[in-house]
Amino acid sequence: MKSSEIRTAFLNFFKRHGHEIVPSSSLIPADDPTLLFTNAGMNQFKDVFLGREKRTYTRATSSQRCVRAGGKHNDLENVGYTARHHTFFEMLGNFSFGDYFKRDAIKFAWTFLTEELKLPAEKLWVTVYKDDKEAEDIWFNEVGIDQTRFSRLGEKDNFWSMGDTGPCGPCTEIFYDHGPDVAGDPPGGPNDDGDRYIEIWNLVFMQFNRQANGELEPLPKPSVDTGMGLERIAAVLQNVHNNYDIDLFQHILQKASDILGGVALNNTSLRVIADHIRSCSFIIADGVIPSNEGRGYTLRRIIRRAIRHGNKLGATEPFFYKSVAALVEVMGEAYPELVTAQAGIERTLLREEEQFARTLDKGMRVLEEAIANLSGNEVSGHTIFTLYDTYGFPVDLTNDIARERNLILDLAGYEREMEKQREAGRQHNKFGTDYNNVLDIKGASAFTGYDRVTDQAEIT
Ligand code: ATP
Ligand code: MG
Ligand code: MG
Ligand code: MG
């Protein structure tokens, strides 16, 4: 089944069950400063869950474009390392606003997977939140799933939150077992982050609104929010294990490979480029331009990462912008706005490539030299800072390179250098020079580890 057919089958299934088909919203959340980019199908319904907004329907279904490259849900560091994470992906979802609850949500999902898509039940694994006896009973007594493919998990896995505040609740998740050829434990096992058992669908029982002080306030009506990654279910149905082997990616990978002079389609850097062209193009199509703060800086970080991976594959001239055409070929039909935006996206990317090209090579030489002279396994704060400040290397870009060499970053040292620079800026200001224009560091990304790149400009 092609990805586009899966998308249609999903929306039509839920339409038949009384759901309104609602178009994807923009990647730029409307009026929600708590969110960097749309990260789930439920975002556009946030106020409906909170009871602040009424719609003409109480059931909805959508295929939502999402980006997870910062904030609470950040998969930037996973791209290139797992078979299942992208910065940009599509989330298929069905929603109930005070209409049906756990029973129907579970039955719809199970029926869609096993009857509509005809997935064998023995390949599916289910998890519930450890205290959710009600969901557990529905799975055992009404759906009749096998006890041996079932786990009860805690807050980290089975309590879903949109962000630090906002709608949240316990969830139940469905995993697909890609078989013993792939490493990884079942959900709850010590190595359950492997890629054998891949989470395909999350059913969230929206019951609370998390306040800024952490307190959980009950929602006016218990509701349902589900999300299934289109690329992950496509991998299952197309009999491939890795998301990058599905139809949506193969065409882009092929074209990117041609542009770069013939790179193996399973090359990690090529996969990163194929992932990043999707997020960058959609983010630009939704109106963001690269800049030094907030969303624009996240975009810039993703673009520069892609450029560096191209450089690693031997690119000597701008290449990234050339893959936009391949993306439009595979996704333009589902997203006509991408077609309209194509020329603008290409121009924006080309400009960024030309600009970064001026410092990338020099910065790489500085980093290579620093690495060659390392005595331990830690890249110094001074080097990270110089790369950031003089050569335009976002910290996560430096980290991406360090990680390939099994090196780590001295982030505390980097922070000290940043502070010194800020202090110098303040001193100069005393003498009447406005260094704010020159430094422009206020939205700089604070890199705090592999899976937490928080954008300081995000919540403010
Ligand atoms: P994982 O544990 O694999 O990181 P998740 O629990 O963070 O996934 P959810 O927040 O539950 O994901 O999102 C709902 C669904 O969206 C997931 O079950 C998965 O199918 C899909 N999904 C989530 N993150 C990604 C991603 N980065 N790339 C592709 N699909 C994703
Ligand atoms: Mg995740
Ligand atoms: Mg998960
Ligand atoms: Mg999940």
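## About the model

This is a predicted model, so to speak of local features pLDDT must be at least 70, side-chain atom pairs count only at pLDDT 80 or more, and totals for chains, interfaces and linings use all residues. Residues are numbered from 1 along each chain as its sequence is written, chains are lettered from A and ligands numbered from 1 in the order written, and side-chain values use heavy atoms, with hydrogens and water left out.

## Around ligand 1

Ligand 1 has 18 residues around it, the closest being Asp75, His85, Trp160, Glu199 and Asn202 (near means a heavy atom within 4 Å). By class, that shell splits into six nonpolar, six polar and six charged residues (Asp, Glu, Lys and Arg are charged; Ala, Val, Leu, Ile, Met, Phe, Trp, Tyr, Cys and Pro nonpolar; the others, Gly among them, polar).

Oxygen atoms of ligand 1 sit 2.8 Å from a side-chain N or O atom of Trp160 and 2.9 Å from a polar backbone atom of Gly229. The protein covers 89% of the 590 Å² of accessible area that ligand 1 has on its own (Shrake-Rupley method, 1.4 Å probe). Strand S8 gives the most to the shell, with four residues (strands are DSSP E runs of at least two residues, helices H or I runs of at least four, numbered from the N terminus).

Nine of the 10 residues in helix H13 (395-404) are buried (under 20% relative accessible area, 1.4 Å probe, protein chains only). Asn406, which follows H13, has a positive phi near 60 degrees.

Glu417 lies in helix H14 (411-430). Its relative accessible area is 17%, so Glu417 counts as buried.

Note on methods: Buried means under 20% relative accessible area, exposed over 50%, partly exposed in between (1.4 Å probe, protein chains only). A polar contact is a pair of N or O atoms within 3.5 Å; within protein, one must be able to donate a hydrogen and the other to accept it, and residues adjacent in sequence count only if both atoms are side-chain atoms.
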